[in-house]
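Please read the points below beside the sequence and the model. They go from the whole chain to single elements and residues.

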Amino acid sequence: MTNGTPTATFRDPAGSLSLEGDFAVRTIHPGAHNQVMEFVTSRFCSRLQDRGDMVSITVRNTPAGLQLLHPRVPVPTYPWEWTPSQWLSAAQLTLSLCGEALDEGWVLKDATPLNILFVGSRPVLVDVLSFERWDPAPREYPSHIWLAYGQYVRTFLLPLLMNRLLSWPLELSLFKRDGYEPVELYKALSWRQRLSSEAFWPVTLAARLDRKSEQKAVEKAAPQHKSPELALHLLKRTLETLRKQTRRAMPEYSGSEWSNYTATLTHYTAQESSQKLDWVRKVLEELKPATVLDIGANTGVFSALAAEQGAEVVALERDAAAAESLYRMTRTSRLSIQTIHADLARPTPAAGWENHETSSLLYRLEAKSEMVLMLAVIHHLILMEQVPIRAILDLAYRLTSRTLVLEWVPVSDPMYQSLMRGRDGLYGALSEADLLTACEGRFHTLRRQPLENGRILFLFAKD
């Protein structure tokens, strides 16, 4: 499986990051040693770790120099796999940590979604080297300027804003490592949008000013505040303004066919839905998987069921509105569910320099879960994506370390018929026997539960 296993990073002048076993290891460059040690031994740093807002740190001195060890997040995700509310959660954490850091004499020098990972539904800052001492009287720039302001706007605010105003998918951030430039967005907006309260300051005004002349104007005209208290006040006001602008940039939430799926389905009666739910619950109660991957999670009914039984759940959903609803549910319920907005049939590829800066989705998911749920999924992959049954079972085999719960949808099912779209010659004769044949050499059946609507629930174990 092509994966793009991440190699040591090379962009941070203070250190490099590599993956070693269960740890992410930062090797600190000699010139940054003293400031890094000052930060990691501070009470502020300990407080962030204790709260879970920042990844935990173990200091290790080696012949190669100072190293910081961080426990690896089991399934890391990238901004292009987040829902809008996940973007907002990551943005709010970034701004909150910067504001808190200023009170402690530190400041965030970087502000990008790539510095955030999700553990369950919670965003966590993983770039420890983003903190540096705040200088209340710098020589190079006015003291009330947040140097990461432009990066925050480009990478956090503008992608959300364009998702709201023009429905540009957040997945496009895969190709925009340093975010959007206001000039390119200005050209795409209508005049009404350019003058809107959401876009005027971050897009229109910024685009109308020449960047170089603007920078010179800042250097010449912006006052150097001799009062650290005043500079601190202005910096915090900047953070609060960004917080408000980011909230305004959030797209309006609206449902879709799939986000309303459980409320509008007609091929399941209430009794049949209850039968399916009870059977899956009993499987979870008896097997007690520690980790579960829910493929096609929709709004998270079965993800929540698994999490309530104590599992750490990764919920994969390709429909944007359904994934957004799922993440909002996890934030409210505080269940241990990590939402990934991605399509299993077109999974996120490895990306970055030589495809080695970010890894592929399938590589990150492979064998990470004791149980994989594929409920009401396989017929979509067969009929909409034209993926052979054997290939689907091959992938399921690699994704689970122990068991697979699968729902088989017969040809007679109304949903199957609607998705077949006249291709009876290709898919009109598929049967349960074809499924079991595809399982040979991969899975064996532990349980089989027919439902009253003709669907069949299977519990498979790896051979």
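1. What percentage of the 463 residues in the protein chain do buried residues make up? Buried residues make up 51% of the 463, where buried means under 20% relative accessible area, exposed means over 50% and partly exposed lies in between, with a 1.4 Å probe and protein chains only. This is a predicted model, in which local features need pLDDT of at least 70 and side-chain atom pairs count only at pLDDT 80 or more, while totals for chains, interfaces and linings use all residues. Residues are numbered from 1 along each chain as its sequence is written, and side-chain values use heavy atoms, with hydrogens and water left out.

2. The protein chain has 19 helices and 15 strands, taken as DSSP runs numbered from the N terminus (H or I over at least four residues for helices, E over at least two for strands). Its radius of gyration is 25 Å, close to the 23 Å that the globule rule gives for 463 residues, so the chain is as compact as a globular protein of that length; the radius is taken over C-alpha atoms, and the rule is 2.2 Å times the number of residues to the power 0.38. Along its principal axes the C-alpha trace spans about 80 × 60 × 40 Å. Among contacts between residues at least 6 apart in sequence, 70% join residues at least 24 apart, a contact being heavy atoms within 4.5 Å.

3. Seven strands form an open sheet of mixed pairing, in the order β11-β10-β9-β12-β13-β15-β14, and two strands count as paired if DSSP finds at least two bridges between them. β11 and β14 (443-450) stand at the edges with a single partner strand each, so one side of each is left without a neighbour in the sheet. Neighbouring strands of this sheet are turned by 15° against each other on average, direction ignored. β12 and β13 (residues 400-408) run parallel and are joined by five bridges, and V372 has L404 of β13 as its bridge partner. Helix α19 (residues 432-439) lies across β13, β14 and β15 (456-462), running at about 10° to β15; axes here are lines fitted to C-alpha atoms, for helices over the stretch in contact, and angles run from 0 to 180 degrees between N-to-C directions.

4. Helix α12 (residues 301-308) deserves a separate look. Six of its eight residues are buried, so α12 is largely enclosed by the rest of the structure; the buried residues are F302, S303, A304, L305, A306 and A307. They pack against several elements, including α11, β9 (291-295), β10 (312-317) and α13 (320-333). Helix α11 (residues 270-287) packs against α12 at an angle of about 30°, with the axes 10 Å apart. On the α11 side the contact is made by K276, L277, V280, R281 and L284, and on the α12 side by V301, F302, L305 and A306. Seven of these contact residues are nonpolar, none is polar and two are charged, on a scheme in which Ala, Val, Leu, Ile, Met, Phe, Trp, Tyr, Cys and Pro count as nonpolar, Asp, Glu, Lys and Arg as charged, and the others, Gly among them, as polar. After α12 comes G310, which has a positive phi near 100°.

5. Q245 and P202 touch each other, Q245 being found in helix α9 (residues 228-249) and P202 in helix α7 (residues 200-208). Q245 is buried at a relative accessible area of 12%, and P202 also counts as buried, at 8%. Leaving aside residues up to four places away in sequence, Q245 touches L157, W201 and P202, whereas the contacts of P202 include V153, L158, L161 and P182.

6. G21 takes a positive phi near 60° in the hairpin of β1 and β2, which has two residues between the strands.
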